[in-house]
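Grab a viewer and work through the exercises below. Try each one yourself before reading its solution.

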Amino acid sequence: MSHHHDEEFRLNTPEFNELNKKLDRRHFLTKTSLGLGALAMGSLFGAEKLLGSIPKTPENVPNLEEEILKALPHIAPKAKRVVYLFMSGGPSQFETFDYKPKLVDLAGQNLPDSVRKGQRLTGMSANQSALPMVPSIYKFNQHGKSGTWISELMPHTAKVVDELCIIKSIHSEAINHDPAITFFQTGNQLPGRPSIGSWVSYGLGSDNQNLPTFIVLVSKNGSKDQPLYARLWGNGFLPSKHQGVQFRSGKDPVLFLNNPEGYDGADRKEMLEYLSKLNQIQNQAYGDPEVDARIAQYEMAYRMQTSVPEVMNTDDEPDEVFELYGPDSRDSGTYAANCILARKLLEKDVKFVQLYHQGWDNHGGLPKGIAHQCKNTDQATAALVMDLKRRGLLEDTLVIWGGEFGRTVYSQGKLTADDYGRDHHPRCFTMWMAGAGVKPGISYGETDDFSYNIVKDPVHVHDFQATLMHLMGVDHERLTYKYQGRRFRLTDVHGNVVKDILS
């Protein structure tokens, strides 16, 4: 809290006081979108960043934006934009990145109590009479200059391994899907907090005024074993202009964006002008920041009528690009097609792009299920990294891959020579980052021989979030929002930047 007050008093300069004399208190609080707190944060991020576009009305004080825009981010940012590839359901680290060869000799044996240490199990395997350990049936090989072990299920990812910073020691408290994925996306297991992308939008604003700052894409070819909720990319208690906007495949990529039948652009423009006047009257009467957000959203929707069809159209992509991303990439709405779309959005300087791909929740039939998932995602994931690099975008774009937790060393359900399942395991699992600000070609953190406990360099979910924000130029402890009498932040009261992975 003291950090925040220090930043507020930074505005107490002779120049700013002179500027403030030109405003009465009511006018000042009303016209600055979010009030004094907004100006305080604006001093850190710039008016176009935190405050969004301050309405260009005659009543605005001259040079107010200019004064606020003189401020800098907390930290020199390494990443201008983020693409977060979220593998919903919990990919098994055993069949992907965390090679455990010693398990071959332990196959079928019960998980030792000395390893489990009485840790919580889900209700799906807590009543099993035995917890037989099972190694992956898939082979691992070393790849790249780093000699990193990668599963045979990911031959394309193996080709870009020297670009990756693989973190094998991610851990979480959440053991079930909904709280676990909510924790990753909002910093809290309970719904209602702003998502990461919303915090980024609130803190850093947009570099493209014709597209949303935060865009979400959901694969149509992901198995729908676990539901996704719009609140995962919601704005929580932040102004609604910071919520993620889902782009869909098909005729209407953004719901309610197109004009109704028999309604043309001139009609819509006239309607928006009258609506804006009504909203401004309401804003002057009540000083509600959400009215400014509403005005901004209508204006953005109008601009998106032109910008969205352009960015969604991949007809001008050469055949070589579709070959790079794989056969599914020509089929709109697939994971591969969404990876191409993500690259186009990043090229347009969209700040935060999030892809969700469901289907990684392999409680049974894991060998077949995870092979299917890897086939759907491996080539396009690697292609995105390669494509960003060859276009000069990887150096200031942060790419993230991972799910909400990992899987257990023991088999859930019946274990056979070629079939098994794995339950949820939040104690240790693998994610990776690539691009802006992270060391390439390294593995960080270690788990025990059972990938059940972390033995070196643990990285908590809040540490991951703090590091992501740091790479974007944000001190996670100082980006706060006052709500119901308390200052909230993405990482709550936790989180440390993982400095050892920073380049």
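Helices here are DSSP runs of H or I with at least four residues, and strands are E runs of at least two, numbered from the N terminus. Keep in mind that this is a predicted model.

**Exercise 1. Count the helices and strands in the protein chain, and find what share of its residues is buried.**

Solution. Step one: the DSSP runs give 16 helices and 17 strands in the protein chain. Step two: buried residues come to 56% of the 503 residues. Step three, on contacts: of those with a separation of 6 or more, 77% are between residues 24 or more positions apart.

**Exercise 2. Work out what span helix H15 (residues 366–390) should have, and compare it with the distance between its end C-alpha atoms.**

Solution. Start with the rule: the expected span is 1.5 Å times one less than the number of residues. Next, look along the axis: H15 has a kink of about 35 degrees, centred on Thr377. Then check burial: 18 of the 25 residues in H15 are buried, leaving the helix mostly covered. Finally, look past the helix: Gly392 follows H15 and has a positive phi, near 75 degrees.

**Exercise 3. Find which residues touch the most other members of the largest nonpolar core.**

Solution. H15 gives the core its largest share, nine residues. A second, separate core holds 50 residues, including Phe86 and Phe405. Back to Phe247: setting aside neighbours within four places in sequence, its contacts include Leu211, Ile215, Met304, Val311, Met312 and Leu345.

**Exercise 4. Classify the packing of helix H12 (residues 289–312) against helix H14 (residues 335–347).**

Solution. First, get the geometry: the axes are 9 Å apart and the packing angle is about 130 degrees. Now the class: roughly perpendicular stops at 115 and roughly antiparallel needs over 145, so H12 is oblique to H14. Last, list who meets whom: Glu310, Val311 and Met312 in H12 meet Leu341, Lys344 and Leu345 in H14.

**Exercise 5. Decide whether Lys100 is buried or exposed.**

Solution. Locate Lys100 first: it sits in the loop between strand S1 (81–88) and helix H7 (113–116). Its relative accessible area is 14%, and buried means under 20%, so Lys100 is buried. To see what surrounds the residue, skip neighbours within four places in sequence: Lys100 is in contact with Phe94, Thr447, Asp448, Asp449 and Ser451.

Note on methods. Residues numbered from 1 in each chain as written. Predicted model: local features only at pLDDT ≥ 70, side-chain atom pairs only at ≥ 80, totals over all residues. Heavy atoms only, no water. Bend = angle between axes of the 7 residues up to and from the residue. Buried < 20%, exposed > 50% of the residue type's maximum accessible area, 1.4 Å probe, protein only. Core = buried A, V, L, I, M, F, W, Y, C linked by side-chain atoms within 4.5 Å. Contact = heavy atoms within 4.5 Å. Axes fitted to C-alpha atoms, helices over the stretch in contact; angles between N-to-C directions. Parallel < 35°, antiparallel > 145°, perpendicular 65-115°, else oblique.
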